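Some notes on the cavities and helix packing of this model follow. Please read them with the structure open.

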Amino acid sequence: MSTKRMKNQLEISGVKEECGVFGIYDIDGKDVAPSVYYGLCSLQHRGQESCGIVVSDTKGPRGNISYHKDLGLVGEVFKEENLSRLHGDLGIGHVRYSTTGASTRENAQPLVLNYIKGTLALAHNGNLVNAEQLKEELVYGGAIFHTTTDSEMIAYFIARERVHTASVEEAVLRTARKIKGAYGLVIMSPRKLVAVRDPFGLKPLCLGKRDNAYVVASESCALSAVGAELIRDIEPGEMITVTAEGIRSNKELQQKERAHCIFEYIYFARLDSRMDGVKVYDARIRAGRALAKAYPAKADMVTGVPESGLTAARGYAMEAGLPFEAAFYKNSYIGRTFIKPTQQERESSVRLKLNVLESVVKDKRIVLVDDSIVRGTTMANLIQMLKGAGAKEVHVRISAPPFLYPCYYGTDVPSNDQLIASSHTEEEIRQMIGADSLGYMKIEDLQTMVGDMGICKACFDNRYPIDPGK
């Protein structure tokens with residue numbers, strides 16, 4: 001194979017994802033597709049580009065699976081007619097948000113493979129740092145790829161290992177020892193539900209129970225959505241297997257070092273979720289309080305950018321002794337600007353998404369809190385809107401440190417040339433966005449959000465727990 005052709009075969013488009021996964025096994029034999037649907041609806045904030053559901057009837061013939069997936073929101077992709085055709089007591093689901101990989105139906109998950117041992121379905125949240133090397137190994141072994149995701153590589157390795165192992169669990173463990181990076185995986189064989197979390201705990205995964213059904217999901221809010229009780233978080237490096245006999249745990253992959261993604265607590269996770277023993281709402285309140293201590297401001301009120309900045313803004317107001325006010329009306333039918341796939345879409349959606357309440361902000365000195373400034377365009381628009389509505393001053397406070405480095409583990413932190421803080425000082429950024437003052441969360445204060453938990457904050461300090469290589 002020519003070098004050029006080989007490069008094309010190996011190209012994975014720098015795919016990085018922030019997605020949501022869900023799995024359920026009802027040991028009593030009840031259909032689970034409606035539960036997967038509601039679980040995915042509650043995880044919609046983690047991915048708005050595509051979604052899918054795969055179900056298996058464990059009491060029927062092996063390989064008796066059905067699935068449906070497509071581009072779009074959960075409520076758009078799944079209608080009563082296609083959901084009603086998904087019969088089975090075992091199912092997994094996925095919502096996807098690609099950052100630089102192709103937004104195509106082929107890349108929608110869960111991935112479904114038919115191979116010599118039967119069928120395998122997989123849903124993946126995360127990103128591998130050794131994907132290129134793994135893909136090279138598979139390509140030279142004759143593999144043909146249908147997607148541009150690293151998730152397909154994981155599925156192929158599991159299928160390949162399964163041929164030489166006694167169980168799908170052993171195949172998953174062997175594969176997990178090969179892959180490097182961040183992953184929350186939910187895997188479905190015809191008779192088993194398997195969930196595994198990367199050894200650093202970079203990606204979240206939790207376990208719940210409803211009657212005689214076991215549920216795994218990226219966030220606890222998805223458990224609540226289907227009436228399941230949170231049992232516990234799946235530990236970093238732990239594999240959970242659910243069969244008709246019950247549940248088993250394997251911790252062979254575990255290690256001492258942990259690196260939970262701090263951006264889950266700053267931004268991505270839903271406010272009502274609990275992750276690794278920490279309530280997301282409480283973590284964001286603590287972030288706002290720390291921000292008020294580090295960067296006080298002479299102001300009349302505190303407000304937040306809906307929805308991501310509101311809770312930290314409340315914490316700031318509590319600590320500063322200032323009134324918290326809602327300064328924006330949010331159009332709830334417009335998606336989150338941060339996870340729009342193109343810059344043009346991000347910018348055009350800001351004014352459609354938010355409108356200023358003039359009577360609240362007129363003649364006021366305002367502390368405006370948000371969770372991040374990535375490119376700076378959204379914040380500049382908001383400040384311009386506030387001042388256009390009569391605000392005297394706008395003091396910006398950010399409940400995260402400046403983004404300086406890319407994320408290689410699956411969060412959409414762009415390349416350095418798109419990060420405003422990587423090429424400008426804080427004073428330059430303040431002038432560019434039109435703020436009267438600017439204060440970022442101090443890196444050392446991030447730990448106050450989550451206690452003594454080991455965290456990954458590489459996008460702020462360039463200390464990557466897993467070497468991203470080239």
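1. The crossing of H6 and H7 is right-handed (left-handed would mean the near helix is turned anticlockwise from the far one by less than a right angle, right-handed clockwise). Helices here are DSSP runs of H or I with at least four residues, strands are E runs of at least two, and both are numbered from the N terminus.

2. On provenance: this is a predicted model, with local features needing pLDDT of at least 70 and side-chain atom pairs pLDDT 80 or more, while totals for chains, interfaces and linings use all residues. Residues are numbered from 1 along each chain as its sequence is written, and side-chain values use heavy atoms, without hydrogens and water.

3. H6 spans residues 150-162 and H7 residues 168-178; they pack at about 130°, axes 8 Å apart. Axes are lines fitted to C-alpha atoms, for helices over the stretch in contact, and angles run from 0 to 180 degrees between N-to-C directions. H6 and H7 are therefore oblique to each other (under 35 degrees is roughly parallel, over 145 roughly antiparallel, 65 to 115 roughly perpendicular, the rest oblique).

4. Contact means heavy atoms within 4.5 Å. From H6, the contact residues include Ile 154, Phe 157 and Ile 158; from H7, they include Val 168, Ala 171 and Val 172. By class, this contact has six nonpolar, one polar and five charged residues (nonpolar: Ala, Val, Leu, Ile, Met, Phe, Trp, Tyr, Cys and Pro; charged: Asp, Glu, Lys and Arg; polar: the others, Gly among them).

5. H10 (residues 280-294) and H11 (residues 310-320) have axes that come within 6 Å and cross at roughly 50°. That makes H10 oblique to H11. The crossing is right-handed. The H10–H11 contact has eight nonpolar, three polar and five charged residues.

6. The structure holds four cavities of 30 Å³ or more. A cavity is a set of points on a 1 Å grid over the protein atoms alone where a 1.4 Å probe fits but cannot get out; lining residues have an atom within 4 Å of a point. Points are joined across faces, edges and corners, and volume is the space filled by probe spheres set on them.

7. The largest cavity has about 120 Å³ of space. Of its 15 lining residues, Cys 261, Cys 407, Tyr 409, Thr 411 and Cys 456 lie nearest the centre. The lining has 13 nonpolar, one polar and one charged residues.

8. The second largest cavity has about 50 Å³. Its lining includes Arg 197, Cys 261 and Asp 276. The lining divides into five nonpolar, two polar and four charged residues.

Conventions:
On a 1 Å grid over the protein atoms alone, a cavity is a set of points where a 1.4 Å probe fits but cannot get out, and a pocket is an open set with protein on both sides within 12 Å along at least five of seven lines; lining residues have an atom within 4 Å of a point.
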